[in-house]
Amino acid sequence: MRSMPMDRVLIIDDDAELCELLAARMSGEGFDIEAVQDGNRGLERALSCEHSLVVLDLMLPGMGGLDVLRQLRTQSPIPVLVLTARGEDVDRIVGLEIGADDYLSKPFNPRELIARIRAILRRTIRVAAGTNPLVVGDIRLDRASREARVQSRLISLTSVEFALLEMLMQRAGQIVTREELTEGVLGRKLGPFDRVIDVHMSNIRKKLGMNQELERIKAIRGSGYLLVVRAETK
Amino acid sequence: MKFTIQSLFLKIFFWFWATAIVTGIALVITFIFGPGRVPSRWHSTLTDTARFSGLIVLAKLEQGGVPTASSSIESFEHDTQLRACLFELSGNPVAGKSCETFADMRSRASISRSTQFGVKYGLVRVALVLHGRGAHDYIYATELPAGPRAAFGMNRAEVALRLLVAFSVSGVICYLLTIYLTGPILRLREVAQQLAQGKLSTRATPIIERRGDELGALARDFNTMADHIQELISTQRQLILDISHELRSPLARLNVALDLAKEGKAGNLPFDRMESDLTRLDEMIGRLLMIAKVDTASMPVEMKSVDLTEIVGQIVDDARFEAQKRDVVVVIEAREHYHVRGNAELLHSAIENIVRNAVRYTSVGTSVEVSLKREDNSQLSIEIRDHGNGVPDNELGRIFQPFHRVAEARDRESGGVGLGLAIADRIVRLHGGFIRAENIQPSGLKILIEIPS
């Protein structure tokens, strides 16, 4: 459990005025905002382990937002919420594939931003810490140390991926709907054409790998996902 | 290729073919049915031949009577496909099936009692007087294998085969000729349809383009047109993308500022920011309208003689006020009143954008120099130079594109919406001039405008 009273959020966006306004708006909501205008410096700060979450503008000049995210993900599971340009779906999908946890398109309503940040933080930082490890088949989630292992091999999951896998493991063998996953992990309603959960699931599947040449997570068309329980797994 | 009755292909093809066939037929008709004369140098040979066969018939007649003579003529007709007839001098046919066809010649021969020559149905015919036994005279008339029809062949099947060959050869030639003419038109049409469907990169193939005829010229013009349209549309599309992108930043700030104002905790900050963003949006819209005005050639711009020196003087006076705040001096140098043909309002806007940019980016405490010169009889040049950091060399060409900001200039403290130079560029080009930028040593940027006077 974190002891700090305020959540430190790092905003990487080249629009200094926007950062200033966001800092003013969010300080009233219990967030401590640090704003950085360029990508290199932003990456450096994001890796400092001083923040609970990063808000990253994908349209950064110089070192682009996607590059920052790619490099950040090689070293840190910190939750990242990306800001994308409305209508540029490619950026959004690529952002999620690289490891962003959620996205918001600009211009956005600040209350929406705050709600999403809260949801991610609630799910990834506070819940379940200190409880017993979850074990399903050869997958083991150590919730206290936030470690995930497959056949005792350590795999690196982002915070949101960890939370999604946790939900599936708690109800192993049952279908968990996309609505439940979106609400439970991202703290919001599933929107139309919302592929966020699917991108995360595909990332988790890749990281878990195959079990005896079978998918560990089954996509149930039209409803949701299911973690397969096999009797013969060790 | 799909043909309809209306299609140019069928029209051209059938007209060519019909022309070829009709010409051929007309030629044959005049040969065969036209009145022909038998050259006199052939007369003795033809007479000998006719007399020879005539004497045979006559001998048969005297030997075995009319039936023998008739069968002799019939077998001659069957063997040679030529007709013949034996008459009494009075005109009564003695032997032969088609004696009426020779009636004309016979009467002439019996009157003149001399050999008659003629050409009918493409064959030479001869009528001559034969002296039989006992001073009994006969007239023998026959066709002979000479004349145009002899050249075509006597057999009907053979004639039909030759006609068929003539038809198909002329048909193939006409088909190829038509393909040669209409093929490029059809291909060009396909390209035009694809272009109309929005595939703007479609062009007529080099094969058509290389043709030296009118179709080649048409294809080249078509490609030039397509290039132009593609460039225009992609510029417009890029502009729209850029606009929507640029609108996002002020809107994002307004959203946050509005929310902050609703919370009521931040004092005047959100209101000040909203005001400055609204001003910025207003300015952007004004400039975009200006670009649209200059871009669309549909709206004629009023051109008249304009005193450029006066316009530049006004701009410099206005800029000085702003320059004072940054401790910048604006200097103007002009020897006389230079006049150009143009639109005063547009030129004012173009030059003002550049001068303001210079004042904005020159280093604090330096100067901005504006000079007007006559280059030669036809060109006026305006030079605006500042003493700022200049622009990276690789971006010099792009600073005239809408919304292009040099990376370092992106901090919005410096203001501006990134349209000033784009507008200036369009206006100068509208006046038939050009604009370019270059870095100067040791530091600074020089913008050079040339306008025909």
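Author: Before we start, one term will be needed: a polar contact is a pair of N or O atoms within 3.5 Å, and within protein one of them must be able to donate a hydrogen and the other to accept it. Please also keep in mind that this is a predicted model.

Reader: Fine. With that term in hand, what does the side chain of S381(B) make a polar contact with?

Author: The partner is the side chain of E375(B), and the two side chains make their polar contact at 3.2 Å. S381(B) itself sits in strand β10 of chain B, which covers residues 379-385.

Reader: Is S381(B) buried or exposed?

Author: S381(B) has a relative accessible area of 2%, and because buried means under 20%, it counts as buried.

Reader: Staying in chain B, how do the axes of α8(B) and α10(B) cross?

Author: Helix α8 of chain B (residues 269-295) and helix α10 of chain B (residues 344-361) have axes that come within 12 Å and cross at roughly 130°. These two helices are therefore oblique to each other, and the crossing of α8(B) and α10(B) is left-handed.

Reader: And which residues make that contact?

Author: From α8(B) they are R287(B), M290(B), K293(B) and V294(B), while α10(B) brings E345(B), L346(B), S349(B) and N353(B). Sorted by class, the contact of α8(B) with α10(B) has three nonpolar, two polar and three charged residues.

Reader: Let me switch to chain A. How many helices and strands are there in chain A?

Author: Chain A has eight helices and 12 strands. It has 234 residues, of which 53% count as buried. Taking the contacts in chain A between residues at least 6 apart in sequence, 59% join residues at least 24 apart.

Reader: What about a helix pair there, say α3(A) and α4(A): at what angle do their axes cross?

Author: The axes of helix α3 of chain A (residues 65-73) and helix α4 of chain A (residues 89-98) come within 9 Å and cross at roughly 15°. That angle makes α3(A) roughly parallel to α4(A), and their crossing is left-handed. The contact is made by L66(A), L69(A), R70(A) and R73(A) on the side of α3(A), and by D91(A), V94(A), G95(A) and I98(A) on the side of α4(A). By class, this contact of α3(A) with α4(A) has four nonpolar, one polar and three charged residues.

Reader: Where does M63(A) lie?

Author: M63(A) lies in the loop of chain A between β3 (53-57) and α3, and it is buried, with a relative accessible area of 17%. M63(A) and G39(A) are 24 residues apart in sequence, yet their C-alpha atoms are 5.3 Å apart in space. Leaving aside neighbours within four places in sequence, M63(A) is in contact with G39(A), N40(A), L43(A), V68(A) and Q71(A).

Reader: I was also looking at N203(A). Which backbone oxygen lies 3.3 Å from a polar atom of its side chain?

Author: That is the backbone oxygen of L96(A). N203(A) belongs to helix α8 of chain A (residues 196-208) and is buried, with a relative accessible area of 7%. Not counting residues up to four places away in sequence, N203(A) touches L96(A), E97(A) and E161(A).

Reader: Last topic, the backbone. Which residues does a cis peptide bond join in chain A?

Author: Most peptide bonds are trans. In chain A, however, a cis peptide bond joins K106(A) and P107(A), with omega about -5°, and P107(A) lies in the loop between β5 (102-106) and α5 (110-126). In chain B, the peptide bond from Q441(B) to P442(B) is cis, with omega near 0°, and P442(B) is found in the loop between β11 (434-439) and β12 (445-452).

Reader: What is the phi of S152(A)?

Author: S152(A) has a positive phi of about 60° although it is not a glycine. S152(A) lies in the loop between β8 and β9 of chain A and is exposed, with a relative accessible area of 62%. Q151(A), also not a glycine, has a positive phi of about 50°, and Q151(A) is found in the loop between β8 (147-150) and β9 (153-155).

Conventions. Residues numbered from 1 in each chain as written. Chains lettered and ligands numbered in written order. Predicted model: local features only at pLDDT ≥ 70, side-chain atom pairs only at ≥ 80, totals over all residues. Heavy atoms only, no water. Helix = DSSP H or I, 4+ residues; strand = E, 2+ residues; numbered from the N terminus. Buried < 20%, exposed > 50% of the residue type's maximum accessible area, 1.4 Å probe, protein only. Contact = heavy atoms within 4.5 Å. Axes fitted to C-alpha atoms, helices over the stretch in contact; angles between N-to-C directions. Parallel < 35°, antiparallel > 145°, perpendicular 65-115°, else oblique. Left-handed = near helix turned anticlockwise from the far one by under 90°. Nonpolar A, V, L, I, M, F, W, Y, C, P; charged D, E, K, R; others polar.
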